[in-house]
Amino acid sequence: MSEVAATPSNHQSETFSARVLRQTIASNGARFGLAWIGLVTLCAVFAPLLANSHPLLMRVGGNWSSPLLEHLTWIDTTLLAAFFVGLGLWMQRRRLSGSRALLLMMVLVTIAGSISYATVSPPVAVVLDQYRTGLADGSIEEAIFVPIAYSPTDRSRDNPLSLTAPDRLHLMGTDEDGADVFSRMIHACRIALGIGLVATGIALAIGILYGGIMGFFTGWIEILMMRFLEIFESIPQLFLLLTVVAFFGRNIYLIMAVIGLTSWPGYARYLRAEFLKLRRQDFVQAAQASGLPIFSILFRHMLPNGVAPLLVAASFGIASAILAEAVLSFLGLGVVDEPSWGGMLNQAVGPGGTFAVWLATYPGLAIFLTVFAYNLIGEALRDAIDPHLQRPVS
Amino acid sequence: MTQYIVRRLLLMLPTLAGITVLVFAVMAMAPGGIGANLMTRGGDMRPEERAAMVAYLNKRYGLDQPMATQYLRWLNNVLPIGYETGPDGSRGKFGFKPPDLGMSFVKNRPVLDLIAEALPITLLLNALTIPLIFAGSILMGVYTARFRGQALDIGIGTANLALWSIPTIWMGVMLIGFLASEQYLKWFPTTGLESLRADSWTFLPSRTETGWQIGYLLDLLWHLVLPVFCLTYSGFAFLTKLTRSAVLENLLSDYARTARAKGVSEQVVLWRHVFRNSLLPLITVAASILPGLLVGSVIVETIFSIDGMGRLAVEAVQMRDREVVLSITLVTGILTLVSYLLVDICYALADPRVSYE
Amino acid sequence: MSLLSVKNLSTRFTTEHGAVDAVRDVSFEIQPGETFCLVGESGSGKSVTGLSLMRLLSQSTASHPAGQALLNSPRLQSGAVDLLRQDETAIARIRGARISMIFQEPMTALNPVMTIAEQIMEPLMMHLSMDETAARARALELLEQVHMPDPATRLKEYPHRLSGGQRQRVMIAIAMACEPDLMIADEPTTALDVTIQAQILELMAELQARRNTAMLFITHDLSVVAQIADHIAVMQQGRIVESGSRDQVLYRPQHAYTRQLLAALPSRLKRRTAAHHVDSGDTVVNIENLKVYFPVRRGVLQRHVDDVKAVDDVSLAIRRGRVLALVGESGSGKTTLGRALLRLVPSTAGRVSFRDQNLLSLSARAMQPFRSALQIIFQDPQSSLNPRLSIATTLTEPMAVHGIGANQSERLQKAGDLLLRVGLEPEMLRRFPHEFSGGQRQRIGIARALALGPEFIVCDEVTSALDVSVQARILALLDELRSEMNLTYLFITHNIDVVRYFADEVAVMYQGRIVEHGPVVQVCDHPNHPYTRKLLAAVPRFD
């Protein structure tokens with residue numbers, strides 16, 4: 001016998017999503033996590049404007065130019081555009097619904113990306129040292145640099161500069177090749193976030209589609225799909241990653257794809273379990289009894305109610321994708337030339353037993369904090385979605 | 001139950017086939033293929049020797065044949081029943097035969113030998129890790145369950161999560177850097193599982209003319225401390241959290257209330273009634289941390305230069321040593337699926353409600 | 001000298017939202033050997049009172065700011081003890097030995113990983129210091145006393161192998177093991193079928209008489225109270241509003257609330273209209289030889305070895321404007337039948353005729369236009385509304401699909417009118433399900449069913465999850481709507497009193513088959529089939 005207490009009628013109507021969002025953000029852990037990820041995102045987006053060997057402004061022979069802007073790649077411009085589009089949409093959030101905003105964002109970013117790809121073409125041959133030599137011999141009259149005046153690929157030709165401890169010039173020291181660690185740390189944010197989000201996005205998309213279909217059908221289709229899923233689940237992710245990278249080359253898109261393709265079974269299982277539970281719920285049966293189209297039943301009635309545990313899993317999934325990439329780079333099989341935290345960590349312990357503390361601490365801390373941040377957010381989401389009801393009885 | 005086990009074992013076959021086909025296909029579709037690599041290896045052989053080797057390998061493994069045929073040949077060699085292959089690559093008679101895992105292209109040794117050397121080491125690491133994780137997390141989980149609702153509670157939960165979030169690569173590097181290097185504390189050795197000349201020592205500590213000798217066993221354990229720690233801390237953090245929430249949930253259950261109504265003291269409710277029920281989710285989850293242990297092995301063995309299966313795998317992949325890669329895939333696949341099966345059986349034994357009919 | 005003397009008992013819960021006084025100033029006395037019933041609806045504080053006496057409430061949230069509960073047991077050496085002021089060790093010695101308690105949900109009350117024997121032996125070995133052999137023998141004896149079939153085998157089994165009724169018997173055996181002076185029973189039969197309930201009540205009376213055990217019986221069901229009580233106390237919002245002997249409270253109630261509860265009893269309700277004569281009127285839905293079988297698969301290849309016959313060859317003709325009650329206990333197949341009519345569950349064979357069409361043979365597309373004419377209202381208010389959608393969307397979406405109303409604002413207008421008709425406010429449209437009480441959600445469910453203008457509605461245990469007073473109002477509403485809109489109901493229920501009040505015809509279902517069918521007065525007063533007789537005999541009689 002239950003007579004659920006009614007909330008007073010002056011209570012502000014709150015949708016489920018709004019409540020979950022509010023409770024998640026209220027948790028301290030989630031706040032820390034979001035703050036750190038915000039920082040990482042800013043670094044990823046503004047990386048070329050934070051750490052670059054090209055000066056922002058340069059005066060040669062009386063003429064001002066901006067080598068930094070000239071040398072931006074299409075990825076740089078797309079990321080910057082995406083950031084400002086996102087900011088703009090966030091400020092307009094009252095007027096737009098969640099899904100509409102997301103759609104608009106995707107469309108605008110794709111357009112920005114295509115335009116960038118077509119138009120932006122930085123010069124190919126680059127000598128990063130020229131500005132320092134130019135300033136030294138006077139051919140460059142004046143140059144204004146960004147806060148960290150080193151690109152991640154600015155490797156010094158002088159050997160003594162490699163593996164130096166942190167000092168005034170290089171706030172976090174240099175690595176094996178003499179490149180500035182701080183600069184590489186900032187640029188590595190891109191790889192980390194990029195792989196985390198894209199790989200998880202792929203896995204979620206496949207998982208939701210697969211799990212939804214499995215949860216809806218019964219009979220031999222379901223059994224077959226289940227077997228296929230079990231096979232995919234048994235594939236050892238790291239091993240496949242290593243194999244693919246070793247045999248096909250170290251391509252970032254390939255890495256994202258492989259991580260995505262080995263992570264989707266978890267999401268499919270979750271969604272299937274939720275769908276099986278939901279199919280029996282009375283409101284789904286009511287929707288069927290009212291003759292609502294199957295599309296509406298799946299996407300309007302079942303999916304929004306079943307997607308919650310998936311979001312929790314996705315948060316942990318992003319953390320795990322970032323870790324997978326870090327391990328790959330650590331083993332020397334990561335993306336070529338782009339800096340990565342895992343790769344930097346690998347250089348910390350030298351063959352002779354030498355230990356470069358700065359190369360172990362900063363990149364390691366960065367990986368840890370990012371993984372920790374996503375885990376905290378995942379936990380907070382989980383607590384918000386399924387609060388453990390406080391029963392008054394012991 | 002036997003029917004269930006048989007069904008599971010039978011189902012393992014298509015899964016293993018699927019995995020090996022996938023790995024084989026990836027290697028086969030790689031630019032340059034496998035044959036190309038052969039030419040760049042064995043650089044210390046004289047040209048005639050190399051040519052003879054190449055011809056021999058080509059004949060024996062049919063490297064000049066289509067990919068599907070190559071896979072089937074490999075499958076045939078690996079299975080305990082099939083066609084025997086003569087030394088010149090010709091097909092022999094059909095029947096029972098010892099599985100032939102092939103020859104490492106790079107090291108020029110039978111793959112079976114390589115695996116036979118590397119597997120016990122990885123198994124040793126995991127044999128120590130798994131009991132430590134479970135024993136530790138059960139005790140810790142039950143112990144921290146009593147702090148429910150207090151300020152310490154949130155601290156413990158966050159500490160657990162933080163511990164779980166520490167990447168193994170970072171933990172390993174930091175441990176070596178601070179505890180095993182010249183610059184800081186040299187409490188532990190950096191590489192390998194035994195000191196030099198340790199295999200000539202006695203097993204237990206003993207006294208010799210030159211003084212006290214710690215013996216092989218203690219030396220081994222000393223070398224194992226850091227690697228095993230790296231393998232355990234993550235699983236420990238995860239399972240502690242799980243145990244704790246399972247215990248808390250069970251303490252609030254109806255049957256615990258019935259026990260209290262019978263006059264059972266809170267301590268006894270915890271250990272006689274709730275404890276066994278709380279172990280059940282642990283067993284279910286045990287299956288999912290096993291892949292994590294495999295990955296952990298790869299990292300730890302690389303960092304600490306231990307010659308186990310993980311290191312073998314990484315080297316083989318980097319060198320494109322096809323036979324070794326396939327065999328490792330097969331062996332780890334079998335081990336993983338068998339352990340899943342064992343976990344399911346354990347669960348069926350622990351929970352009387354579950355029966356596989 | 002009373003066995004238990006409760007004076008000014010108060011229980012307060014402190015949560016992060018503030019303090020709640022669940023029990024306020026409650027006083028009563030229980031004499032040795034008598035049956036004292038504590039009656040109330042949900043939220044009245046009756047369960048909390050029972051748990052407070054046993055001190056089973058969590059110490060971190062619950063406290064007893066005032067009051068005392070004196071237990072004067074002949075078996076206690078120290079004389080009268082105040083249960084509320086004992087320390088943990090002392091109260092643990094009393095629990096299970098001098099006072100025992102059984103709970104409502106038998107399915108979760110036993111430890112799933114311990115055998116029945118272990119669970120019965122535990123209090124014996126703990127309180128009576130018996131050794132294992134003696135305890136096992138006594139456990140067997142106890143199972144025999146509770147009339148457990150095949151007790152020796154049952155001892156070795158685990159709880160999941162027993163049915164709900166059997167598990168409750170085990171609970172009673174555990175509770176009686178140490179021969180307590182008082183047994184507290186918190187809604188022990190609410191989750192059981194009515195025939196099992198009758199058996200359990202009989203058993204409890206028998207055991208009480210054996211050792212002169214007093215019983216504090218907590219329930220919401222006044223008919224049960226009428227059958228077993230010596231003294232009654234009625235609780236509302238944490239206070240006792242009326243108490244006295246059985247006859248006093250039931251036949252000469254003083255307090256308005258008591259009178260309200262009694263008036264809401266289905267057996268006391270007067271029918272609004274006389275039961276219709278069965279043979280007149282046309283047939284709206286004709287069910288012919290309906291079979292719904294669920295396959296059972298076994299073996300390595302999951303072969304189809306047997307069937308669970310949920311609905312086994314059922315034929316019924318439902319006439320327009322009538323209420324046909326479908327009665328049965330759990331597992332009878334009545335819910336499956338209701339859902340099969342609307343094709344929410346696939347049928348195996350048979351024919352369901354509506355408007356000269358066989359609904360079961362239509363394609364999903366062809367079925368679409370019939371959907372608006374056949375609707376269903378569900379039992380559980382918690383899960384019958386989509387928590388993510390506002391009430392407005394829940395009501396207007398089906399309308400849009402069936403082309404009712406030219407545009408959204410018209411539909412919203414209609415939805416508002418529907419809410420008014422079921423006794424709610426139109427401004428509730430923009431709210432979400434979690435903001436409403438159970439009774440209100442049932443009304444919304446009714447509004448949803450009416451939204452498409454149906455002819456026939458399946459009411460699947462629509463009042464079983466509601467308090468008795470709310471139930472009466474919902475039934476009255478349904479009756480009004482029926483005469484207003486000329487609706488036909490298939491009313492699925494297990495409550496015979498509701499059937500007498502509400503239905504015109506009744507069909508009794510047992511293990512998938514209809515065993516008896518006829519006008520309600522005939523079947524209820526002169527049942528033919530032995531199962532019907534057994535069912536009717538088991539219903540707790542008020543007078």
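Reply: Begin with a hairpin: β1(C) and β2(C) form one, with two residues between them. Helices (H or I, at least four residues) and strands (E, at least two) are DSSP runs, numbered from the N terminus. This is a predicted model, in which local features need pLDDT of at least 70 and side-chain atom pairs count only at pLDDT 80 or more, while totals for chains, interfaces and linings use all residues. Residues are numbered from 1 along each chain as its sequence is written, and chains are lettered from A and ligands numbered from 1 in the order in which they are written.

Me: How many bridges join strand β1 and strand β2 of chain C, and in which sense do they pair?

Reply: First the rule: two strands pair if DSSP finds at least two bridges between them. Here β1 (residues 4–15) and β2 (residues 18–30) of chain C are antiparallel, with nine bridges. C:T14 sits opposite C:A19 in β2(C).

Me: Over how many bridges does β1(C) pair with strand β5 of chain C?

Reply: Four, again in the antiparallel sense, with β5 covering residues 68–71. There C:L4 has C:L71 as its bridge partner. β1(C) also pairs with strand β4 (residues 62–63) of chain C, antiparallel, over two bridges.

Me: What is the strand order in the open sheet of four strands in chain C?

Reply: A general point comes before the case. In a regular strand, side chains alternate between the two faces of the sheet. The order in chain C is β13-β12-β15-β16, with antiparallel pairing. β13 (303–319) and β16 (357–358) of chain C are at the edges, each with a single partner strand, so one side of each has no neighbour in the sheet. β12 (residues 283–298) and β15 (residues 349–354) of chain C pair over five bridges, antiparallel. C:E288 faces C:R351 in β15(C).

Me: Which helix lies across β12, β13 and β15 of chain C?

Reply: Helix α12 (residues 334–341) of chain C does, at about 75° to β13(C). The convention: axes are lines fitted to C-alpha atoms, for helices over the stretch in contact, and angles run from 0 to 180 degrees between N-to-C directions. Two residues are in contact if their C-beta atoms, placed from the backbone, lie within 7 Å.

Me: Now the backbone angles. What is phi of C:E179, and what is phi of C:E461?

Reply: Most residues other than glycine have a negative phi. C:E179 has a phi near 50°, a positive value in a residue other than glycine. C:E461 also has a positive phi, near 50°. C:E179 belongs to the loop between α7 (164–176) and β8 of chain C. C:E461 is in the loop between β18 (456–460) and α17 (468–485) of chain C.

Me: Are they buried, partly exposed or exposed?

Reply: The cut-offs: a residue is buried if 20 or more other C-beta atoms, placed from the backbone, lie within 10 Å of its own, exposed if 12 or fewer, and partly exposed in between. C:E179 is partly exposed because it has 15 C-beta neighbours inside 10 Å. C:E461 is partly exposed because it has 19.

Me: Where is C:A191, and what does it touch?

Reply: C:A191 is in the loop between β8 (182–186) and α8 (194–211) of chain C. Leaving out residues up to four places away in sequence, C:A191 touches C:Q104, C:E105, C:P106 and C:G164. C:A191 is partly exposed, since 17 other C-beta atoms lie within 10 Å.

Me: Which element of chain A has the largest share of the side that touches chain B?

Reply: Between these chains, 37 residues of chain A contact 43 residues of chain B. α15(A) has the largest share of the chain A side, with 10 residues. By class, that side has 27 nonpolar, seven polar and three charged residues. Ala, Val, Leu, Ile, Met, Phe, Trp, Tyr, Cys and Pro count as nonpolar, Asp, Glu, Lys and Arg as charged, and the others, Gly among them, as polar.
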